[in-house]
Structure formats: C-alpha cells, structure tokens
Amino acid sequence: MVKFGPSGQCDWFNEEHSHTEDMPAWLVEHGLDVYEYAFNKGINISDEKAAKLGGLFKEANIELTVHGPYYINFANPDDEMADKSKMYVINSLKKMKLMGATKLVVHPGSLMKGSREEAMALVLRRLEELSKLLDENNLNDMYVCFETMGKHGQVGTVEEVAKMCAIDKRYMPTLDFGHINAFTLGGLKTKEDFRGVFETLKKYMGDRYKNVHIHFSKVVYGPKGELHHVNYNEDVDGYGPDFEPLAAVLKEEGINFTLVTESRGAQTKDAMLLKKIFTEMN
Ligand SMILES: [Zn+2]
C-alpha cells in the first residue's frame, strides 16, 4: 500500500473549515489517503473526542498517523527524564488505539552533554527498555516510528535510526528526506543517493526495510543542518530534495509507505502533487 496526505491543517483547509472533524471528507474530496495528527505539544485530546475523530477517519478510509510530543528525548542522561519520555510514548499509543491510529512518529533525542556516541548508546538502551513496556501494556499491533533528524545536534541519522529499528519489530523508520538532505548538506540528489538510504535500512533491519513512514518536504539548511521547511514549489534554489528520484526508487524497491508532507502552509497541495508525480511515473 502507498498513501499520501498532509500533516496538520494547511492554509487551504483553514480557509474552508475550522474543525479537524471536517478533515476526513475534505481529504477524500482531494484524492488523499492519510492524515498526520499532532500530539506535538502534548496528548490533549479527550478519550471521547479521540474515538469520535477515529470513527470519522475510518469511515472515510483515511489512515490516521500521529506525531508524538516534541519533548521526548531518549538521549537525556537523566534516567528519570528518560522514563518520562517512555511514558509519553506509551500514553500516546494508548490514546491512538482509541483513534484507530497505529503509527507514532517520535524524535529520538537531542545531544546534551557528551558525544554523539554516548547519546546514541543511551537511546539504544532506553529503546530496549521501551520494548518491555510495550509488552507489559499489550501494545503489540502498534508502531513507534523513529524519525531521521535534520540538525547536527539531534540523534537520528539514517544509520542511527536503522540501528534503533533493529531492536524491535514494532519500531519503524520515519524517513524525513528533507531532514536527511539538510543533515548531509545536500546529500540527496541522484537515484543512487536515495537508494543508499534503503540499503542502510536493509543492512540492519532485513526485509522490514520495505515498510516505512515518510515525511517529505523541502528543507532549507545551514552549516549545522536544518533551518526550516518550505513548500515544494517555493523559490529556494539549491535546497532539495527533489521527489522524482525518490519516487523511482520507491517503485523499483516495492516499498510500502505512508507519505506525509510537512510543507509550510501548502501541505495538502504538495501531497496531491507528490501523489500525482508518483502515480504518473512509468
Ligand atoms: Zn518530526
């Protein structure tokens, strides 16, 4: 299955509607298949609302994914803080069960004191512990989708995310190609560059590399990586990545994916454009 859709409410939606409850039918109208809901600032939706919203999305046959809280940080040297991060994941997943959503996007962590290697060792240890908590809470048919990050101060290169996902079958990559390109200061240009991303996943995850969540938007970067996201057709010469070479690799590798656009205001138009490029290819 391949699915395309926006993250959050874009400008176009906001001109016509004001409630997320109107979103599923609106996305069907525009030929899209997935919507990413934000727990970015916290899990603030009531159980009743979560169940109601989930029902509407299910009825419309639009998959609902969720972006987890921004304050999750598995690289924090403080074990108590890391325990809180684990609970944010568990509580997000419990709420998502009511919404009928199975994929939770998580930023692995930010470097605090110490080296990148030390931060990564902390993250891997915490994700082993999180695995056990998922078992204890019977969260078996859910996916925690660790995101590739765009800033040099964050944990989450393609290889780091692949190592995280190797720990548990419920861990899946969120490949944010704008972030990967920004982190590598423009490393994603050719089809081979994009294919390399999937080869790295395969090395650590085996055949599970064929199921991924994707974030796609162009990202402007500086010497330390990501600065900000832009709309696909915005005039930002030199900042990519372009979607065509990725679309070709996704087709050739037979990847199952949900692709969410995180543009600046034009998410839905961009999701429609990327779906059109993908569908019309070949
Ligand atoms: Zn994110």
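1. The model is predicted; local features need pLDDT of at least 70, side-chain atom pairs count only at pLDDT 80 or more, and totals for chains, interfaces and linings use all residues. Residue numbers start from 1 along each chain as its sequence is written.

2. The protein chain has ten helices and twelve strands (DSSP runs numbered from the N terminus: helices are H or I, at least four residues, and strands are E, at least two). Its radius of gyration is 18 Å, close to the 19 Å from the globule rule for 282 residues, so the chain is as compact as a globular protein of that length (the radius is taken over C-alpha atoms, and the rule is 2.2 Å times the number of residues to the power 0.38).

3. Of the 282 residues, 45% are buried (20 or more other C-beta atoms within 10 Å of the residue's own; exposed means 12 or fewer, partly exposed in between, with C-beta atoms placed from the backbone).

4. Helix H10 covers residues 267-280. Its buried residues are Gln-267, Thr-268, Asp-270, Ala-271, Leu-274, Lys-275 and Phe-278. Seen down the axis of H10, they fall within an arc of 160°, so they line one face of the helix (the arc is that of the directions from the helix axis to the C-beta atoms). Lys-276 and Glu-280, on the other side of H10, are exposed.

5. After H10 comes Asn-282, with a positive phi near 85°.

How values were computed
The expected span of a helix is 1.5 Å times one less than its number of residues.
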